[in-house]
Each structure stands twice: as C-alpha cells, then as structure tokens.
Amino acid sequence: MSGKPKLYYFDGRGKMESIRWLLAAAGVEFEEEFLETREQYEKLLQGGSLLFQQVPMVEIDGMRMVQTRAILNYIAAKYNLYGKDLKERALIDMYVGGTDDLMGFILMFPFLSAEDKEKQRTIIVQKATSRYFPVYEKVLKDHGQDFLVGNNFSWADVHLLEAILMVEEKKPDVLSGFPQLQAFKARISSIPTIKKFLEPGSQRKPVPDDKYVETVRRVLCMYYDIKAN
C-alpha cells in the first residue's frame with residue numbers, strides 16, 4: 001500500500017463522495033482506482049478485500065476499510081475533526097446522522113425514472129426545508145458561533161456543507177429562508193482546504209450523469225428499477 005489513502009469506487013459521487021470531502025477538508029491527498037468493469041469488482045471480491053462484498057473500500061494506514069461510516073469515523077478522529085470529548089463527538093454524530101438522512105433522499109436520485117425524479121425533487125426540498133435545515137439554522141443562531149460543535153471546525157461542518165450544495169443542485173434558492181445557513185455556507189466554503197476542493201480540477205465529482213448510472217448498473221449487475229421514496 002502507498003503512503004496516500006487509496007479509494008476504490010466508481011468515478012462518481014455515491015457513498016464515496018463524503019469520504020473524498022472529509023479527506024480533502026483535512027488536507028489529505030489521496031489516490032483513486034475507479035471500478036469500470038464487473039471483472040475489477042470480482043477481483044476485489046475474490047481477493048478478500050471487500051469484507052461485506054461491497055464498496056466503498058479505502059486503503060489507509062495498512063488497513064483495507066469498508067463500511068462508509070467506519071471509514072468516516074476513522075478519518076475524522078485521525079485528523080482531529082471529531083470533537084475534543086465524548087459530548088462533542090455525540091453532537092457531531094447526531095448532526096452527521098441528520099445530514100446523512102437528507103443525503104439518502106438524494107443518493108439514488110440518478111437511478112430514478114424521469115417521472116420519479118420530479119417527485120423525488122419535491123420530497124428532497126420539502127425534507128430539507130421543513131425537517132433538516134431548520135435544525136442547523138437554530139443551532140447556529142442559538143450558540144452564535146462559526147461552527148456547529150465547540151466552535152471548532154469538524155466533520156459535522158464538512159458534512160452539512162456537502163448536503164447544502166447537493167440540495168442547491170435541486171433548488172438553487174433553497175437557503176433563501178435560512179440566513180444563518182447562508183452565512184455558514186460562505187464561511188465554510190472559504191476555509192482553504194474546502195475552497196481548494198470546490199475549485200475546478202479537484203477530485204470532487206460532478207452531478208452523476210447517465211454514464212455513471214450505466215457503469216454502476218453494469219458493475220453491480222443492477223438490473224432492477226429504483227423507486228422514489
């Protein structure tokens with residue numbers, strides 16, 4: 001294994017994108033191997049690298065890690081983005097859990113039919129503006145600090161910014177009623193490591209397109225239709 005973390009996934013967002021975000025936020029350079037064929041995937045399976053027979057998989061510090069949350073937990077702790085004590089870690093876990101739930105409505109969006117995409121877009125915006133964004137808006141307003149937890153930059157801030165940008169891709173003015181989140185977005189986006197990741201040419205992946213969907217379906221033998229939530 002090389003010194004840099006190595007990510008095994010498709011050339012697209014999916015469950016790996018939050019891992020890319022967190023590594024980038026920590027200023028960590030990483031390599032990627034993109035799965036393009038069923039044969040590549042089966043080679044990983046046969047080699048015993050995929051503990052639960054699924055990706056994402058990340059090689060880091062002599063380990064082959066699977067399970068997205070375990071990978072993110074490890075990176076956050078390793079690079080001091082996981083709070084200073086158990087109470088802060090619990091808050092970070094709660095806030096990340098919320099943004100994870102919101103992202104879950106978006107994750108399968110590219111695999112929906114055109115009709116279901118319109119239904120799902122409405123659901124995403126409704127959930128964001130009525131259930132999730134009000135929580136973070138209140139947290140920021142109540143404590144009056146720059147960051148969500150302990151007034152220090154953490155995994156919770158990275159994850160929330162990622163979620164905000166994903167929802168804005170579905171509705172650009174979705175933050176119009178959330179002044180605290182507007183300021184938060186500007187503030188976190190200006191952090192040097194985040195700013196670099198948001199620039200063209202970074203390892204951040206674009207909105208999934210038909211090529212990405214077809215590759216995932218082919219590699220994972222996904223021949224069934226995804227339904228809207």
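Student: Are E32 and K205 buried or exposed?
Tutor: This is a predicted model, in which local features need pLDDT of at least 70, side-chain atom pairs count only at pLDDT 80 or more, and totals for chains, interfaces and linings use all residues. Residues are numbered from 1 along each chain as its sequence is written, and side-chain values use heavy atoms, with hydrogens and water left out. The scale is relative accessible area: under 20% is buried, over 50% exposed, and in between partly exposed (1.4 Å probe, protein chains only). On that scale, both E32 and K205 are buried.

Student: How far apart are the closest N and O atoms of E32 and K205?
Tutor: A salt bridge needs a side-chain nitrogen of Lys or Arg within 4 Å of a carboxyl oxygen of Asp or Glu. E32 and K205 form one. E32 sits in strand β2 and K205 in the loop between α8 and α9, so the pair ties together parts 173 residues apart in sequence. The closest N and O atoms are apart by 3.2 Å.

Student: Which residue forms a salt bridge with K205 at 3.6 Å?
Tutor: The partner lies in the loop between β1 and α1, so this pair ties together parts that are 194 residues apart in sequence. K205 itself has a relative accessible area of 8%. The residue is D11.

Student: Which residues are linked with D11 in a network of salt bridges?
Tutor: The structure holds 19 salt bridges. One network includes D11. Linked with D11 there are E17, R20, E32 and K205.

Student: Which side chain of opposite charge is nearest to K127?
Tutor: K127 belongs to helix α5, residues 114–143. Lys and Arg count as positive, Asp and Glu as negative; His and the chain ends are not counted. K127 is buried yet has no salt bridge, and the nearest opposite charge is 10 Å away. That side chain is D101.

Student: Which residues does K127 touch?
Tutor: Contact means heavy atoms within 4.5 Å. Residues up to four places away in sequence are not counted. That gives F105 and Y132.

Student: What is the strand order of the open sheet?
Tutor: Helices (H or I, at least four residues) and strands (E, at least two) are DSSP runs, numbered from the N terminus. Two strands pair if DSSP finds at least two bridges between them. Here 4 strands form the sheet with mixed pairing, in the order β2-β1-β3-β4. Pairing on one side only, the edge strands are β2 and β4.

Student: Which residue stands opposite V58?
Tutor: Strand β3 (residues 57–60) pairs with β4 in the antiparallel sense over 4 bridges. In β4, the residue facing V58 is M65.

Student: Which residue in β2 stands opposite K6?
Tutor: Strands β1 (residues 6–9) and β2 (residues 31–34) run parallel, joined by 4 bridges. The residue opposite K6 is E31.

Student: At what angle does α1 run to β1?
Tutor: Axes are lines fitted to C-alpha atoms, for helices over the stretch in contact; angles run from 0 to 180 degrees between N-to-C directions. Helix α1 lies across β1, β2 and β3. Its angle to β1 is about 165°.
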